[in-house]
Amino acid sequence: MYEFVRGKLDFIGPEYVVIENNGIGYQILTPNPFSYTPEFGQEVRIYTYHYVREDIMALYGFQTREEKTLFTKLLNVTGIGPKGALAILASGEPEQVVQAIENEDEAFLVKFPGVGKKTARQMILDLKGKLPDIVPDFFPNLFSADKLQAESGPSGDLEEALLALKALGYSDKELKKITPEMKKEKLTTDQYIKKALQKLLKL
């Protein structure tokens, strides 16, 4: 629902921060609220996840989209709720968590609060090989926006087009087949999408 909240950092507490925007204070639960201390009183941007259940409605916030993505994926693991996911993010960098999952390092994962051997194993079963958007370096053979940007040069039109095509449901494998040929042309994002759709229908 909310991609991010931007405003003045008005309060920092043990569990959450408050961002003031247009006279409204947004209470946002974050992995480590005090990491925002140097920015107190300044304008900040926090990427948010709107969590809604019958007995709770809350905003969870993160400094990067990668943290937010990992948080949402952790919520899909049986045995991990918002509190547990926040604890995992607060205790280690996203890169460390992803590496532990990819290496099936249960000993590392059980160090997080509320994560026992059963939950650690479930994290590995559910998430291994499914986290390329968080740490692309661990998935060198997969399509990623960062890799594409480096390859496509200063123009972001092709990058935006491919991201739009991913959102439509096209796989990384399919997009990799058409990318080299698409890079030879200089088009707008809309033109790239239309041309790519034509090529994808012929695969």
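**From labels to values**

Mentor: Start in a loop. E93 lies between α2 (82–91) and α3, in the loop there. Keep in mind that this is a predicted model.

Trainee: Why is E93 called partly exposed?

Mentor: Its relative accessible area is 47%. Buried means under 20%, and exposed means over 50%. E93 falls in between, so the label is partly exposed. For its place in the fold, take E67, which is 26 residues apart from E93 along the chain. Their C-alpha atoms are separated by 8.6 Å.

Trainee: What about E39: where does it lie, and what does it contact beyond its neighbours within four places in sequence?

Mentor: E39 is in the loop between β3 (24–29) and β4 (43–53). Leaving those neighbours aside, E39 is in contact with L9 and V44. L9 is 30 residues apart from E39 along the chain, with 7.1 Å between the C-alpha atoms. At a relative accessible area of 30%, E39 is partly exposed.

Trainee: Now the charged pairs. How many salt bridges does a search of the whole structure find?

Mentor: The search finds 9 salt bridges. One of them joins K128 and E104 through their side chains.

Trainee: What makes K128 and E104 a salt bridge?

Mentor: The N to O distance is 2.8 Å. The cut-off is within 4 Å, from a side-chain nitrogen of Lys or Arg to a carboxyl oxygen of Asp or Glu. The pair meets it, so the name holds.

Trainee: Which parts does the K128 and E104 pair tie together?

Mentor: K128 is in the loop between α5 (117–127) and α6 (145–152). E104 is in the loop between α3 (94–102) and α4 (106–109). The pair therefore ties together parts that are 24 residues apart in sequence. K128 is partly exposed at 36% relative accessibility, and E104 is partly exposed at 35%. Both residues also belong to a network of salt bridges that links E104, E106, R121 and K128.

Trainee: D172 pairs with K166. Why does D172 count as buried?

Mentor: D172 has 19% relative accessibility. The limit for buried is under 20%, so D172 qualifies. K166 has a relative accessible area of 26%, so K166 is partly exposed. The closest N and O atoms of this salt bridge are 3.2 Å apart.

Trainee: What makes E181 and K199 a link between the helices?

Mentor: Their side chains meet in a salt bridge, 2.9 Å from N to O. E181 lies in helix α8 and K199 in helix α9, so the pair ties together parts 18 residues apart in sequence. E181 counts as partly exposed, at 43% relative accessibility.

Key:
Residues numbered from 1 in each chain as written. Predicted model: local features only at pLDDT ≥ 70, side-chain atom pairs only at ≥ 80, totals over all residues. Heavy atoms only, no water. Helix = DSSP H or I, 4+ residues; strand = E, 2+ residues; numbered from the N terminus. Buried < 20%, exposed > 50% of the residue type's maximum accessible area, 1.4 Å probe, protein only. Contact = heavy atoms within 4.5 Å.
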